[in-house]
Amino acid sequence: MGLRYEDLMSRDEPEVNEALELAHPDVVEGRYRRLKRASDLAFKQKNLQDYAPDMTLEPFKLEISQDVDKILQRDVEFDLLNNYKSG
């Protein structure tokens, strides 16, 4: 369907949402278009290769995963520092 592994991450997760807010607009637009295309192809019950047989897919290309990991690490560090202060 042309999706990337990262496209399956839910925007409802706060760290994914923050990473998308900080990402370059082209990254966000590309993700939106891939999700829209996948939804359309699923509705039509077609495969992307039917429409674009020469298109090279990069399903494991990472664009926001590193940012999500950094945000998670930051949140863990913040929680540890706050627990140290209160305990």
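By class, 2 nonpolar, no polar and 5 charged residues form the lining of the largest cavity in this structure. Nonpolar here covers Ala, Val, Leu, Ile, Met, Phe, Trp, Tyr, Cys and Pro, charged covers Asp, Glu, Lys and Arg, and the others, Gly among them, are polar.

Some conditions before I go on. This is a predicted model, where local features need pLDDT of at least 70 and side-chain atom pairs count only at pLDDT 80 or more, while totals for chains, interfaces and linings use all residues. Residues are numbered from 1 along each chain as its sequence is written, and side-chain values use heavy atoms, with hydrogens and water left out.

Back to the cavity. On a 1 Å grid over the protein atoms alone, a cavity is a set of points where a 1.4 Å probe fits but cannot get out, and lining residues have an atom within 4 Å of a point. The volume is the space filled by probe spheres set on the points, which are joined across faces, edges and corners. The whole structure has 1 cavity of 30 Å³ or more. The largest has a volume of about 40 Å³, and its lining is Glu6, Asp7, Val27, Arg31, Arg34, Glu63 and Ile64.

Next, the core. Val27 and Ile64 also belong to the largest nonpolar core, which has 8 residues in all, the others being Val16, Ala19, Leu20, Ala23, Val68 and Ile71. Such a core is a set of buried Ala, Val, Leu, Ile, Met, Phe, Trp, Tyr and Cys residues joined through side-chain atoms within 4.5 Å; buried means under 20% relative accessible area, with a 1.4 Å probe and protein chains only.

Note on methods
Buried < 20%, exposed > 50% of the residue type's maximum accessible area, 1.4 Å probe, protein only. 1 Å grid on protein atoms, 1.4 Å probe; cavity = no way out; pocket = protein on both sides within 12 Å on 5 of 7 lines; lining within 4 Å.
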